[in-house]
Each structure stands twice: as C-alpha cells, then as structure tokens.
Amino acid sequence: MNNDSSTKDIREFLELWQRTFNRHRTDCLVGLYTDDAMLQGTSSAKLYIGAKEIATYFRGSATVKMEVWHSVTLAHDIVLIVGSYVFSQISKGHQESTPARFTFVLRRQGGTWKIVHHHSSANPN
C-alpha cells in the first residue's frame, strides 16, 4: 500500500470498504457509493448504474483482501485508485481464491469519500 501520509484517508476508506464487503452488509456497502455510481464487477458482464442496481450485484459469501494499490489526486475532491485484491470463498468444501485488479474513482461529498466508479476484473492467467 502507499505510505505517503497524504493517502491516509484513502487507505482508511479502502480498509472500510474491505471490512464492509467482508461483513456481507449490502446496505452498508452500497452506502459507500454515490447514488449515480457505476460498477463493472468481477463476476458479471453487466454495467450496474446507480446505487439501487449496485445493491443487486453484491450477493454471496466471498471475502476480499486488499493487496497493493496506488492513488492519484485528479482534483481536490476526486481521487483515482488502481490496485489489486484477492477474493476468497468456499466452494464444494474447498477454498477458492480469485486474484483480481480494481479501479476506484472516489469523490468527496460532505467530507466523506464515496465511490463514483468501480471496475474489477480477474487477473489474466
């Protein structure tokens, strides 16, 4: 992860997203997205537009662990984050892991970071 002190709040946001995803609380997770956010997820070809549609994507029992990420400030209230994470879940009695890469675009709203765009895809073999 980045070690620059200016990225502390971004690191905290990513840790919050990871914890919320791993608790399987869809309502809380969707609360981290803007109402007009867009999501292209790892397990679906569909583009989910808006918080209501995004809520239909986050179903299941997988957990995620953030790995490496880098951020770039695009404007005083917009940040681009690119990184990797690993999804894990039990399938047929065995743990399966799916390494993936992600892009988040965050926008600060009322002092809080929210996801405007989230793209995730499995790492190529």
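Two strands are taken to pair if DSSP finds at least two bridges between them, and helices (H or I, at least four residues) and strands (E, at least two) are DSSP runs numbered from the N terminus. On that basis, the bridge partner of Ile 78 in strand 5 is Arg 107. The structure is a predicted model, in which local features need pLDDT of at least 70 and side-chain atom pairs count only at pLDDT 80 or more, while totals for chains, interfaces and linings use all residues. Residues are numbered from 1 along each chain as its sequence is written, and side-chain values use heavy atoms, with hydrogens and water left out.

- Strand 4 (residues 78–91) pairs with strand 5 (residues 94–109) in the antiparallel sense, over 14 bridges.

**Salt bridges**

- With a salt bridge defined as a side-chain nitrogen of Lys or Arg within 4 Å of a carboxyl oxygen of Asp or Glu, the count comes to 5 salt bridges.
- Lys 8 forms a salt bridge with Glu 12, with the closest N and O atoms 3.3 Å apart, and both residues lie in helix 1, 4 residues apart, about one turn of the helix.
- Accessibility is classed as buried under 20% relative accessible area, exposed over 50% and partly exposed in between (1.4 Å probe, protein chains only); Lys 8 is partly exposed at 49%, and Glu 12 is partly exposed at 38%.
- The side chains of Arg 25 and Asp 27 meet in a salt bridge (3.2 Å, N to O), in which Asp 27 counts as exposed at 52% relative accessibility and Arg 25 as partly exposed at 43%.
- Arg 107 forms a salt bridge with Asp 36, the closest N and O atoms being 3.6 Å apart; Arg 107 lies in strand 5 and Asp 36 in strand 1, so the pair ties together parts that are 71 residues apart in sequence.
- Arg 107 is partly exposed, with a relative accessible area of 26%, and Asp 36 is partly exposed, with 47%.
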